[in-house]
Amino acid sequence: MRVLALIINRMLWLVPTLVGLMVITFTISHIIPADPIAFFAGENATPEQIEALRVRYGFDKPLYIQLMNYLIGVTNGDLGISIYTQRPISEDLLSRLPATMELTFMAVFFSTLVGIPLGVFAAIYRNSFLDHFLRILTVSGLAIASFWLAILFQLLFAMELQITPLQGRIDGWGPEKITGFFILDSLLVADWESLQSAFSHLILPTLTLAFPAMATIVRFTRAGVLDAINSNYVLYEQAMGLPSKVIIWKYVLRNALIGTVTQIGLIFGILIAGAVVVEAVFDWPGLGLYAVEAIMNSDYNAIMGFTLVTGAFFIIVNLIVDILHGIIDPRTQD
Amino acid sequence: MMAEELLSIENLHVSFSTENGVAEVLDGVNFSIKPGEIVGLVGESGCGKTTLARSILGILPKNSAQITDGSIIFNHQNILKMQEHDIARNIRGRLITFVPQDPFSSFNPVFTIGTQIMDLMKWKSSEKESHGFFGRARKSERDKHYQKVLKLLQTVQLPDVEGILRKYPHEVSGGQRQRLMIAMALLSEPRLIIADEPTTALDVTIQAQILKLLRQLARERNVAVLFTTHDLGAAYEICDRVTVMYAGQEVESATVDAFFGKPRHPYTKSLLGSLPSKSGKLEGIPGQIPALINPPSGCRFHPRCEAASTNCAEERPQVHWPSADHMIRCYYPRTYD
Amino acid sequence: MLESTKFIISKLSRDRTSLVGAFLLIALVLIAIFAPVLAPYPEDVTEFHPPERLFGPSMLHFFGTDRMGSDIFSRMLFGARITIAIAVIAVGVSVLVGVPIGLIAGYNRSWISDGLMRISDIFLAVPQIILAIAIAQTLGPSIENVILALSATYWPFWARLVYAETRSALTETYVEASIALGASPFRVMVFHVLPNISSSIIVRTTIGMGGTILTAAALGFLGLGPPAPSPEWGRTIAESREFLPEAWWYATAPGVAIFLVVMGFNLFGDGLRDILDPRTRRSNDG
């Protein structure tokens, strides 16, 4: 009941947030440029051509009608046509989605798998060499520009040592398309060559993207574990002689993870922000690279579409985190 | 010491390193409990009673506290010389259990009460079993454990015991939580329960019930209880014997009757005098509790003691037995009536 | 006020991490101020020397030369000015917009309050860089537009913080008392609430600087920052990519510069937070 009420409450909040996000992208794309159509048509357009475009794109109508049309269009999945690719933006984004999701998923997987145990060890052995080393690593992770880290990785592993591919998502055509996720598809059709290639291409982008996320996870896990270790219930569990492996990996970890889970939204923010520049450096054909290409080509309808889709994705991730938090922390009241 | 003691602490020294220097929190403490005896450890906050309790359980903070001297003999074995591994397996949570001061924060907030009790049962049950890494017990064992837990919860007078096991700690009341803590302390059929101010955090109306329950269960099962408190009234109600501590030193130990009837140590006298009496006159103790970083020499009470003389500051008085069940450490004991 | 400043300085000077942070920040400011004096080739910010293009590091060019033959070291020093300008102005505008909004929303308990907070929640619901990209792209690449884009996306952080802090400050007895004595809302907000919450704002601002600089550098890297031949650090890294791996020095200097500056703000901010805002103290000493 408690969880159901929480889900309904958050769902109700989702709608106005999404509408608000649409209003913001609409405002940016329709109001800020002095004359969006002139911008659109290019420098050599005649006044007649501009007027024709104005009517065609509905810019002759009052602003609130334009907003309504925009909202109705977006609700129906119509994000407009890309000037550059001449295809519907929604289709473009959809075809790029699996690449970004594969990369993001790998980064989440890697940063959690490594970050949580490291955070626990840093807390257990606080002020040890390991703890100091991890502190330097996490402080660096939050201060390094991911596009620079990406270039450093390329320089070292791809150019100097030549043990990983420089960029791209795969050599050759890739596995037969089923889901669009190369790792999954090559497993499904047993295409081992593609699997190996897809995997080796994933290594550097994943590491780059995962580094700041991992730093955040280590930091929060460490703080959470330390808080728990100093609590009365751990003192009680110790006094009652429960084995320390049970105390740490069962009782302390669950408490610490509640704090870390609330940061997953933050981590996804880091990953989405990182994906834009990391995909640009590694020529990774995902949403981020699409956005960068759109920037290069002044394709700003496409950029608004990208903003809206990633924004909506981020909002939904936060919604899920909220609900997850409500489920794993019994103290959350409805 | 006499062979019949269950627990006997001799000349225990514990110091804490702090930012401002080393604090000698326990300064050569002697203390003992006989099997089945309920002993109150009484003193003001900061007198070292919690440190003494934690020394016995071996849960002093590792990076700041240090046991510098003395012995803790439990069941004919010096705990301080035992392997940590053996203490964890056979003593802590098995033969010696713990009832914490604050039942609110001593439950893990994100696990159900049932999970926490069943885990204790799994690891600390008096019937020995071998377990894997996380101790997956067989189903028949779990059922046996579960039945035992249910029975125990009924003996501590909890209603709807199966319902309580499914609840989270924040969903039950403070009094019920402390009853649960007492039940958990009895799970492993221990010889000694260390109850560290078990009623301080509770409502006054509930305190008496909990104390009565603790005493009754300890008596029925012949379990000894070390009961720390700053509440002399509570000590009077449930204890067989009372030991008083002042600033890390024990000063007097006597049966409840002798203690409340014929206190001998000047500090005990003033402690009893600071209780509101029928005459309505409330006497305070002049001076302040000393800092433990550079404590007064000799008997640490001497700067505040009306009976003190020069030798009190020079050397701490030796243990002195005016009668078989009455111990004091004072050069100038009083004979009060 | 003077006493508490002294107290904070003496505390900070005993914390090694804060000292490192402070050192990095002071170095940054000095470099930005004295760039024309320190730079061996100050004219290289705008001048090109194609024959000297892509020289490696040497005593003449500490960090080598770029694709136009300009001295990278000199350009990095001037780049510090751009970074400071962007970070200080963008964060300053965010504070100036966010703090009053948070104060008003926190003090006022009507639909205005709800409305303001819902708006900032929507901004916070999207990663900052995404909105900043959208705005900077529409406005066109320039320093002013980067600042505008960052301010437009970062103000809600301060609004949210000040809102929450104001709500809790209003329950303080002395604030309640001054309201009961009939002090005007403006007076209560400016003279009672604001001083009470200023330390949280200072901490948030210091830590916010690091994030803002990273976002600004990313915008520069994506070509949305000040246009060529600006010595902006992010842009320089983007330029260097087509000359790798031969010109390995090209991206090194700007990358290290960004890293050190952000590190400086983060370390100093962590130290400040430990002193001013013990509630959120990082659990270091546990």
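A polar contact is taken here as a pair of N or O atoms within 3.5 Å; within protein, one must be able to donate a hydrogen and the other to accept it, and residues adjacent in sequence count only if both atoms are side-chain atoms. By this criterion, nine residue pairs, both members at pLDDT 80 or more, are in polar contact between chain A and chain B.

The model is predicted: local features need pLDDT of at least 70 and side-chain atom pairs count only at pLDDT 80 or more, while totals for chains, interfaces and linings use all residues. Residues are numbered from 1 along each chain as its sequence is written, chains are lettered from A and ligands numbered from 1 in the order in which they are written, and side-chain values use heavy atoms, with hydrogens and water left out.

**Interface of chains A and B**

Contact (heavy atoms within 4.5 Å) involves 24 residues from chain A and 31 residues from chain B. The buried area, i.e. the accessible area (1.4 Å probe) lost on putting two parts together, summed over both, is about 2500 Å², and carbon and sulfur atoms give 67% of it. One salt bridge is counted between the two chains, the criterion being a side-chain nitrogen of Lys or Arg within 4 Å of a carboxyl oxygen of Asp or Glu. It joins A:Lys250 to B:Asp119, with the closest N and O atoms 2.9 Å apart.

On the side of chain A that touches chain B, helices H10 (232-239) and H11 (244-261) of chain A each supply at least two residues. Helices (H or I, at least four residues) and strands (E, at least two) are DSSP runs, numbered from the N terminus. H11(A) gives the largest share, eight residues.

Chain B and chain C do not touch, their nearest C-alpha atoms being 11 Å apart. Of the two pairs of chains that touch, A and C have the most contacts.

**Sheet of chain B**

Chain B holds an open sheet of eight strands with mixed pairing, in the order E6-E7-E8-E3-E9-E10-E12-E11; strands pair if DSSP finds at least two bridges between them. The edge strands, each pairing on one side only, are tabulated below.

| Edge strand | Residues |
|---|---|
| E6 (chain B) | 96-99 |
| E11 (chain B) | 320-323 |

Strands E3 (residues 38-42) and E9 (residues 241-246) of chain B run parallel and are joined by four bridges. B:Val42 stands opposite B:Val244 in E9(B).
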